[in-house]
Amino acid sequence: MNFNVKRVLAVIRKEFYQIKRDKRTIAIILLMPIMELLLFGYAASTSVDHISTVVFNNDMGRESQELLDGFTNSQYFDIDYIAYSMDDVHHYIDDGYSKAGIVIPPEFSENIKSGKTAQIQLVVDGSDPTSAQTILSSAGGVAQAMSVEIIGDNAIKTMPQPLDLRSRVWYNPDMSSINFNVPGLIGVILQTVTLMLTSFSIVREREKGTMEQLIVTPISKMELMVGKIIPYVIIGFIDIILALALSVFWFKVPVAGSIGLLLFFSVIFLFSALGVGLLISTISKSQLQAMQLSMFMIMPNILLSGYMFPREAMPKVIQTISNIFPLTYFIKVLRGIILKGNGFSSLKNEFIILVIFGIAVLAMATFKFKKKIY
Amino acid sequence: MGYGIEALSLSKSFGDVVAVDGLDVQVKSGTIFGLIGPDGAGKTTTMRMLCSLISPDRGTARVGGNDIIKDSEKIKLDIGYMPQKFSLYGDLTIMENLIFYADIYQVPKKERKEKIDYLLKFSNLEKHSYKLADQLSGGMKQKLALACNLIHTPKYLFLDEPTIGVDPVARRELWKILFELKEEGVTIFVSTPYMDEAERCDEVGLINKGRIFKKDTPDNIIGGFQKNIVSIYSDDNYRLKDFFRSLDYVEDAYLLGEELHLVVDDYKDKEMRIIKDLKENGLQINSMDIIKPSFEDVFVNIVKNQQDR
């Protein structure tokens, strides 16, 4: 098959003229990454802080006040309401004013002073499990800190704890969900934008009839495919820079690894993502069908790639299915570089898989494309 | 003179529909060949097969000595093909479209500027070169499509109903261009539903039901028509048409523009009978005369006979 760079350049130039004159495409290229990043970045945050809390304090001692200060100072709890009975607490939580309630019994201060175990009750609205989980663990943390303080104050060290577990969280020490979400989100955005753009590229020409004129020319399949893909690699590259800039400068996500390596992997990933789009465009009979097919692809990509749910928690079958999405590997790479500061050597496998996948889908798209009108 | 385009029993079906059914045709190099036939006769499918855009089910064809199946990519260097539907990029300007096709056909940089200037002048589009193709009128679109197809100086030009939706002035311009191309030695294969255009071709092939059933020069086709055509002017052509159709010695009666045409085997013999029958039925005409059959008359009769068979 002949391959002439000038012909490829002609197709690339033509695609850019068309993109330039199509406001919808420009909107997808520029606005979609920004909107998705802002939307998912804010709305899909699983970090819970400043929880509206109701307090029913039966104890008027200094110690209970210190405990409540501890809760407030943790930033996780905002004491917005003071209750005067258990019914009050119910009312605030039932009606959704508060998500958590702290109940301190009358003998709290007395117990601490006399060295007995002091109890407090935490009431949590469990209708949203994610926030409930966070509230429970945050409250546990506050109580733990308070206990250590009391023990230290009383200087009772006669009973060493049999097991002393000290956890440390690596890579994302604040366990901030935004730091975790954004890298995956960049992958999802790149996948969505490129798939939407390329899935139309061939079938649009068929539907408009321009393909009929194009295929009576001596252009080869390879030249056409490469010419169709390069503009979108460039656009995808612009999008990833846009998304990265927004993550770093707006969401303040620290990038632990090399940005250069990240961009390198993005280009590798783009070829596979675009290849899938091109394949869809080649086998679709109409633009509508291409749209449906790409939507059909985007959903499992978002759900199964590990962006939303940890792949470890998925059933084996689903995990296996998720192995065929290039996005799964790219998200691993993104998180590895951004959160862990992985170098190339830790990501070799992903590199190889993405390259093979890219070549395979592009070859398939080229093979499936026929220089005929039916 | 050799044959530039040759097809041997080309056939193509789409599902149950037979579009082209054992079509044979030979076109001499450097001539204009017209493919004439009603809608659905198989004109577009034939042309697409000759341009290697569709593979035939059976049969074979050669364009410039290259086989349409085996040498399909070679053929594409030599041909220009103008589809029936406007198929250039509407969101590109005239100039951008021309440059795009010049790049695709790899017209050398040196010749390119000259060629584009020449084509713009030739097609009268110089003043519009900055306009988007979608903004052009039907006639201008067709001229642009032709210009893009001439950028690589093809030896064979296929035009699928190029003058549909084009005003008479632009139609004449387009044909002027085709004659000039013929002078330059280009073989032109054109389909048209317009009979006046058919008469301008060197040879025509009459196609019906996917088969060329008559192929000759327009003059021979007209000359070979043995019957007489009678042209009648009247105030109520529709009523008269029905009346003449009921007479057994009138083979056919149909309207062509303002005129009512009758087909009879021998006008001299039937003239008095027609006058007598008109009088008996109290019908009035303004004039009646034998005329030289036009291509359209012949075509209508031949197609009708074909369908009757």
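Two strands are taken to pair if DSSP finds at least two bridges between them. Helices (H or I, at least four residues) and strands (E, at least two) are DSSP runs, numbered from the N terminus. By these criteria, strand 11 (residues 228-233) and strand 13 (residues 259-264) of chain B pair in the antiparallel sense over five bridges. The model is a predicted one, in which local features need pLDDT of at least 70 and side-chain atom pairs count only at pLDDT 80 or more, while totals for chains, interfaces and linings use all residues. Residues are numbered from 1 along each chain as its sequence is written, and chains are lettered from A and ligands numbered from 1 in the order in which they are written.

The model scores ipTM 0.85 and pTM 0.80. For chain B the average pLDDT (the predictor's confidence in each residue, from 0 to 100) is 90, and 99% of the residues score at least 70.

Domain bounds were taken from an automatic or database domain assignment. Chain A is divided into domain 1 (5-44 + 176-368) and domain 2 (51-154), and the C-alpha centres of these two domains of chain A lie 48 Å apart. In chain B, the assignment gives domain 1 (3-222) and domain 2 (226-292), with 39 Å between the C-alpha centres of the two.

A residue is classed as buried if 20 or more other C-beta atoms lie within 10 Å of its own, exposed if 12 or fewer, and partly exposed in between, with C-beta atoms placed from the backbone. A nonpolar core is a set of buried Ala, Val, Leu, Ile, Met, Phe, Trp, Tyr and Cys residues joined through C-beta atoms within 7 Å. The largest nonpolar core holds 138 residues, of which B:Leu50, B:Leu98, B:Phe158, B:Ile188 and B:Phe189 touch the most other members. Helix 7 (residues 177-208) of chain A contributes the largest share of this core, 13 residues. Apart from this core lies another, of 22 residues, including A:Val55, A:Tyr92, A:Ile112 and A:Ala139.

Contacts were assigned where the C-beta atoms of two residues, placed from the backbone, lie within 7 Å. Leaving aside neighbours within four places in sequence, B:Ile188 is in contact with B:Ile32, B:Phe33, B:Leu157, B:Leu159, B:Leu178, B:Leu181 and B:Lys182. Between the chains, 20 residues of chain A are in contact with 23 residues of chain B. On the side of chain A that touches chain B, the elements giving two or more residues are helix 1 (5-20) and helix 8 (210-215) of chain A. Helix 1 of chain A supplies the largest share of that side, six residues.

Individual residues were also examined. A:Val123 lies in strand 4 (residues 121-124) of chain A and is buried, with 20 other C-beta atoms within 10 Å. Not counting residues up to four places away in sequence, A:Val123 touches A:Val89, A:Ile93, A:Ala100, A:Gly101 and A:Val103. A:Gly336, in helix 13 (residues 326-340) of chain A, counts as buried with 22 C-beta neighbours inside 10 Å. The C-alpha atoms of A:Gly336 and A:Leu347, eleven residues apart along the chain, are separated by 8.0 Å.

A:Lys252 is not a glycine but has a positive phi of about 55°. A:Lys252 lies in the loop between helix 9 (221-250) and helix 10 (259-283) of chain A, and counts as exposed with 11 C-beta neighbours inside 10 Å. B:Asn124, also a residue other than glycine, has a positive phi near 60°. B:Asn124 is placed in the loop between helix 4 (109-122) and helix 5 (138-150) of chain B; with 14 C-beta neighbours inside 10 Å, B:Asn124 counts as partly exposed.
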